[in-house]
Amino acid sequence: QEREELFFRALCLCHTVQVKDDDSVDGLKKNRLSRRSCIYISSSPDEVALVEGIQRLGYTYLRLKDNFMEILNRENNIEKFELLEVLSFDSVRRRMSVIVKSSTGDIFLFCKGADSSIFPRVKEGKIDQIRSRVERNAVEGLRTLCVAYKKLTAEEYSKAQKLLQNAKLALQDREKKLAEVYEKIERDFILLGATAVEDRLQEKAADTIEALQKAGIKVWVLTGDKMETAAATCYACKLFRRNTQILELTTKKIEEQSLHDVLFDLSKTVLRHSGSLTRDTFSGLSTDMQDYGLIIDGAALSLIMKPRQDGSSGNYRELFLEICRNCSAVLCCRMAPLQKAQIVKLIKLSKEHPITLAIGDGANDVSMILEAHVGIGIIGKEGRQAARNSDYAIPKFKHLKKMLLVHGHFYYVRISELVQYFFYKNVCFIFPQFLYQFFCGFSQQTLYDTAYLTLYNISFTSLPILLYGLMEQHVSADTLKREPSLYRDVAKNALLRWRAFIYWTFLGVFDAVVFFFGAYFLFENTIVTSNGQMFGNWTFGTLVFTVLVFTVTLKLALDTHYWTWINHFMIWGSLVFYIIFSLLWGGIIWPFLNYQRMYYVFMQMLSSGPAWLGIILLITVSLLPDVIKKVLCRQLWPTATERIQTKHQCLSVEQSTIFMLSQTSSSLSF
């Protein structure tokens, strides 16, 4: 019983929890089970869980006042302990300690930390029994901590205090000296017991990870938990499946064999069938091959990243990456925050140069979030340090699915179309002027009027593509959430590759040649121009520009899948605005202009029947290759997205037909 009460007192004293007497603090509700009206706040939710758990067992932490920690015991008596020193937690030591002095004058050092950092420093206690209990709890997915203590004499405390004081006052290498002093003080413990806290998965976390894997995204879990806890969590969130063969690259295995032998054995295992069957190395998913899951701990990673005696560590790193590429999922446990960043950097600098995304909810994830291409912070119980250092902040992990598979998909499609369409429409705009120089004696005579040159990118063709970049949805959001594999169609920068860029460039050059030479041959034909209405370079330029504006706008209309009244207004409104502007610009004598070279040019052009025929014919010829390409690709080599689009179009036609038939039958019956 004495050891049990000491264990409870250790948990009540060894923490950094703050107590607030208010009914609510920062939106937190008061603990209803508390015997006193107080709530606990800490940077770590685990500490709050432990203090509240001990409270249910009869020991209540009250407050820290004037450097005295007050606890309420089972007999409702208040015990006071003077807080002498706090040996703060850090990710390297994986433990924290407090030195307190009881009312009887006894000095205790209570320590709480990971089992890997406590057991080597324990000299007595129920070590085997507690170790088995800790391993059992870890397998169940619980986060475990071990609690130990030792009693200090006045002389031992005085010596420890002097060492701590000298280390704290050091001007150079203060952290290193403090770590050395902590190592000297935290030893020869008596093991008291262990705790286990359930780190409950957020809702739909498993569905989100499964969807990301189906989308072709490789998911790695980097955690500071022990291997058994992390593995149980990975099974719970469907990162590992029941048929996944687990490969271990841990300190225990390296102790049995050398690192070189372990890496080569794992490499042989995962590459055994690589000659006969091809694995999708991008996603790591395969239906024909055995799925592998790799587990590596922080100590093993340090050995892999450590430079060899000949000064190179590249061989082990490349071998490690090759193993990881052929695994469906990777779990890195017992990771320090800096090691998480090292893993992300290692992936970033690999030969594939993949785009990396890091998501975390605590301060220990900040270095990883900052290292990745895209950093996402979850606003949760771990505080807001991750959210403040991230590119995007979300309240729940499940929102990552919609963020990537829906909004990310839409954004990429929109931005790729916007970039290449801008290039395309400016090739169509500039190339006819280049060709015109061969027919005007290189006199720098412009093909278009200055007003057209100025307003082409500002007014005539800007709003439709701007609206496309904001609103386009080539498939519905519900479909993208329901079919995560559609994300693969835009993976690896598929829409901005050289092939797509060359196609847009070819299309722009082809259309420009059609605009210019189509109008040129129209002018050269004496039969067409025998009425004398079409003559002069401004008429020629206006004809080319009219075909240009209509073609590039209708090209965007062909690429638009999500039609709303705003799209219709912008696309057809831009064409109407061009016609109205041209009529006003050339149909009125403006008093503020010294000369009007476009006066009556547009009206004269439109009054000619051959001009109308030429405009319609040239627009049709310009758009024909793109239409043929779209039809052939959809029929012969459709992507998953195009198959979904075709399926939805067929369903819409069937629904419309059924609706019309039902209306017809009701009319007949009437």
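For "transmembrane region", UniProt (unreviewed entry) lists residues 451-471, 501-523, 535-557, 569-593 and 599-624. UniProt positions follow the numbering used here, feature names are shortened, and annotations may be inferred rather than shown by experiment. This is a predicted model: local features need pLDDT of at least 70, side-chain atom pairs count only at pLDDT 80 or more, and totals for chains, interfaces and linings use all residues. Residues are numbered from 1 along each chain as its sequence is written, and side-chain values use heavy atoms, with hydrogens and water left out.

Residues 451-471 are 95% helix and 0% strand. Their end C-alpha atoms are 30 Å apart. Residues 501-523 are 100% helix and 0% strand, with end C-alpha atoms 33 Å apart. Helices (H or I, at least four residues) and strands (E, at least two) are DSSP runs, numbered from the N terminus.

## The chain overall

The protein chain has 25 helices and 19 strands. Of its 670 residues, 46% count as buried (under 20% relative accessible area; exposed is over 50%, partly exposed in between; 1.4 Å probe, protein chains only). Take the contacts (heavy atoms within 4.5 Å) with a separation of 6 or more: residues 24 or more positions apart account for 67% of them.

## The eight-stranded sheet

An open sheet of 8 strands runs in the order β5-β6-β7-β8-β9-β11-β12-β10, with mixed pairing. Two strands pair if DSSP finds at least two bridges between them. β5 (60-65) and β10 (122-124) stand at the edges with a single partner strand each, so one side of each has no neighbour in the sheet. The twist averages 35° from one strand to the next. β6 (residues 68-72) and β7 (residues 78-90) run antiparallel, joined by 5 bridges. In this pair, L72 stands opposite I78.

Helix α1 (residues 2-13) packs on this sheet. Its direction makes about 60° with that of β12 (189-198). Helix α6 (residues 174-185) lies across β7, β8, β9 and β11, at about 130° to β7. Axes are lines fitted to C-alpha atoms, for helices over the stretch in contact, and angles run from 0 to 180 degrees between N-to-C directions. UniProt (unreviewed entry) also lists residues 157-184 as "coiled-coil region". That span is 82% helix and 0% strand, and its end C-alpha atoms are 12 Å apart.

## The four-stranded sheet

Another open sheet has 4 strands in the order β13-β16-β15-β14, with parallel pairing. β13 (220-222) and β14 (245-249) are the edge strands; each has a single partner, so one side of each is left without a neighbour in the sheet. β15 (residues 292-297) and β16 (residues 329-333) share 5 bridges. Here D297 stands opposite C333.

Helix α8 (residues 227-236) lies across β13, β14, β15 and β16, at about 150° to β16. Helix α10 (residues 259-270) lies across β14 and β15, at about 160° to β14.

## An exposed lysine

K381 lies in the loop between β18 (374-378) and α15 (385-388). K381 counts as exposed because its relative accessibility is 73%. P45 is 336 residues away along the chain, yet the two C-alpha atoms are separated by 6.1 Å. Leaving aside neighbours within four places in sequence, K381 is in contact with S43 and P45.
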